[in-house]
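Colleague: I have not looked at this one before. Can you take me through a part of it?
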Amino acid sequence: MKKSIIAILFICISFNSFTQTNDKLIEIAKGLRSNNTYQTNCNYTFSMPFGDALNFECLIVTQQIPNDTLCGFYYNFETNENFRNENFGDFSMYFKNTVYNSYKGKVKKITFEEKPDAFVDLKMGGGYRPAIQRTPQLYNITPYQLAKKINDIIEESNSTIIQMPDTTIMQEACLRFIIKTENESIAPGSVNKIIVKSSMELCFDKLNLYPVYYKNDVKSDYMNHYQIAYFSNTKINLPLSGKYFSEENLLPNNWQVENTPVMNKNPSSLIGEKAPDWNLPILDKNENLSNNDLKGKYLLLEFTATWCAHCIEAAKMMNRLEEKFQSSEKIAILSLFSSNIDKKEGIEKFVEKFGLKSTVLYSASDVGERYRVYNYPNFMIISPKGKVLMNFQGYNESMEKNIANVLSEFTE
């Protein structure tokens, strides 16, 4: 009888503790959603799927816009000067149904009116490409998105939420929570289910309940990755001028004049032109290959990257195209890793993971620039005389059929 009473008491205490923990997180999420404006310095580290972790610092400024049906808030993520190198852009912004991205001082503007498809999620096999306004790394650690993530987690029955003892981070007293989740998912490019386990740590300022520390560690048989963020000098409900989110305030002077030539330099403008020359090392071979070595053949060039989700689907497509055209002496199929983030070791892991069968070339960032590749993956078909015949940007399920039909037509 005593054992039964003790067991019932333990269950009641556990349930009460669980309820209190959930209630506290719900209170925090409500507070995050209620912030009209939010400004913080963020030190952010994220792992590359097949390479080293990257770290940068950024100023985050957001403003809640409830009637914004695309995003719910405006944002400005401005990279610290010390980190504006070849790996990171200058800033990413979203306001008035428009996305602005600046890389190496060149601003790209995309509006909903001009390109509505970019502002909706795109299904990609077992995964998806997020809408353009949600693509920056920092988007998912803004207060409004953290609030949504907390509410989603509390609604899930497969999450374990633990409130840890209070801690101190960067001299700030913090509430600390650990959230463990286990889900079934479909690996990209596959029909097989995999188990995805995540462990999230959230620390909030004990007085004002704004985020001070965030870590999300995700593990699966398919891929492991993590994100870590420290937030400092945080200011909530800081008054912003009525024109803070405007081109006049946030963009450099004369940005349209200076950037129009680059913005109009779409990769498709290479069609009909002579393809730039290249001479690149072949992965796992102590030799180079150049475009001049392949004169007389049709070339399918895939510009790709290890960290690009669409490039995983593209890798599988390239394997099928390689099998289809392997007996043709008129065609050469090449995968060029042209992202300046990718290193040889990471590329080797990517190639092994997905069994890439095409000839793999690397250290091609300058080649990507000369071919005006700004998004991954990007496919180009080069004629036997060295001219650009076709350009296929991005990836979708009809891409493979289109490329195969073009190559078949050229080589018949």
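Colleague: How many residues line the second largest pocket, and which lie nearest its centre?
Modeller: This is a predicted model. In it, 19 residues line the second largest pocket. Nearest the centre of that pocket are Ile333, Leu334, Ser358, Thr359 and Val360.

Colleague: What volume does the second largest pocket have?
Modeller: About 270 Å³.

Colleague: And which element gives the most to its lining?
Modeller: β17, with four residues. At least two residues each come from α5 (309–325), β17 (331–337) and β18 (359–361).

Colleague: What classes of residue are in that lining?
Modeller: Twelve are nonpolar, four are polar and three are charged.

Colleague: Changing topic to the sheet. What is the order of its five strands?
Modeller: The order is β18-β17-β16-β19-β20, in an open sheet with mixed pairing. β18 and β20 (388–393) are the edge strands, and each has a single partner, so one side of each has no neighbour in the sheet. From one strand to the next, the twist averages 20°.

Colleague: How do β19 and β20 pair, parallel or antiparallel?
Modeller: Antiparallel, over five bridges, with β19 covering residues 378–382. Met380 is opposite Asn391 of β20.

Colleague: Which helix packs on the sheet?
Modeller: Helix α8, residues 399–411. This helix touches β16 (298–304), β17, β19 and β20.

Colleague: What angle does the direction of α8 make with that of β20?
Modeller: About 170°.

Definitions and conventions: Residues are numbered from 1 along each chain as its sequence is written. This is a predicted model: local features need pLDDT of at least 70, side-chain atom pairs count only at pLDDT 80 or more; totals for chains, interfaces and linings use all residues. Side-chain values use heavy atoms; hydrogens and water are left out. On a 1 Å grid over the protein atoms alone, a cavity is a set of points where a 1.4 Å probe fits but cannot get out, and a pocket is an open set with protein on both sides within 12 Å along at least five of seven lines; lining residues have an atom within 4 Å of a point. Grid points are joined across faces, edges and corners, and a volume is the space filled by probe spheres set on the points. Ala, Val, Leu, Ile, Met, Phe, Trp, Tyr, Cys and Pro count as nonpolar, Asp, Glu, Lys and Arg as charged, and the others, Gly among them, as polar. Two strands pair if DSSP finds at least two bridges between them. Axes are lines fitted to C-alpha atoms, for helices over the stretch in contact, and angles run from 0 to 180 degrees between N-to-C directions. Contact means heavy atoms within 4.5 Å.
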